[in-house]
Amino acid sequence: MVSIPLVMHGGSGVNPADYMKSIKLGIRKINCYTYMAKAGGVAALVAGMLDNSTFHEIVLHVEKAMKENAKDAIKVFMGK
């Protein structure tokens, strides 16, 4: 009903079917930072407790976990 791209704010936790429905209805950007941040937080805790990692190593674990979470979200958004 509008001629501009729409954004979904608060997209963390939406199930894949609802993402796809939203995309079909015109959503063009989905903000889902919370789950990505949680993935990074878990990676930091695990790395810090199990590996006895330094701060810089923990940051690398966080970055890797957040990237993987973003890749997984993109696959869902693409319907894969």
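This is a predicted model: local features need pLDDT of at least 70, side-chain atom pairs count only at pLDDT 80 or more; totals for chains, interfaces and linings use all residues.
## The ends of helix H1

What happens at the N-terminal end of H1? Asparagine 15 caps that end, with a side-chain oxygen 3.1 Å from the backbone nitrogen of alanine 17.

## The largest pocket

Now let's look for empty space. Rolling a probe the size of a water molecule over the atoms shows where such space is left. The largest pocket holds about 170 Å³ of space. Which helices each supply at least two residues of its lining? They are helix H1 (16-24) and helix H3 (55-77), and H3 gives the largest share, with 5 residues.

If you want to find this pocket in the structure, look for Ser12, Gly13, Val14 and Pro16, which are among the residues that line it. Others in the lining include Tyr19, Cys32, Tyr35 and Phe77. Sorted by class, the lining has 8 nonpolar, 3 polar and 1 charged residues.

## Salt bridges

Side chains of opposite charge can pair when their charged atoms come close. The whole structure contains 2 salt bridges. One of them joins the side chains of lysine 67 and glutamate 63, at 3.2 Å from N to O. Both lysine 67 and glutamate 63 sit in helix H3, 4 residues apart, or about one turn of the helix.

Val42, Leu45, Val46, Met49 and Leu50 make a nonpolar surface patch of about 540 Å². To find valine 42, look in helix H2, which covers residues 33-50.

Notes: Residues are numbered from 1 along each chain as its sequence is written. Side-chain values use heavy atoms; hydrogens and water are left out. Patches are made of residues with over 30% relative accessible area and no salt bridge: like charges are joined within 9 Å, nonpolar side chains (Val, Leu, Ile, Met, Phe, Trp, Tyr) within 5 Å. Accessible areas come from the Shrake-Rupley method with a 1.4 Å probe; for residues, only the protein chains shown count as cover. A salt bridge is a side-chain nitrogen of Lys or Arg within 4 Å of a carboxyl oxygen of Asp or Glu. On a 1 Å grid over the protein atoms alone, a cavity is a set of points where a 1.4 Å probe fits but cannot get out, and a pocket is an open set with protein on both sides within 12 Å along at least five of seven lines; lining residues have an atom within 4 Å of a point. Grid points are joined across faces, edges and corners, and a volume is the space filled by probe spheres set on the points. Ala, Val, Leu, Ile, Met, Phe, Trp, Tyr, Cys and Pro count as nonpolar, Asp, Glu, Lys and Arg as charged, and the others, Gly among them, as polar. A polar contact is a pair of N or O atoms within 3.5 Å; within protein, one must be able to donate a hydrogen and the other to accept it, and residues adjacent in sequence count only if both atoms are side-chain atoms.
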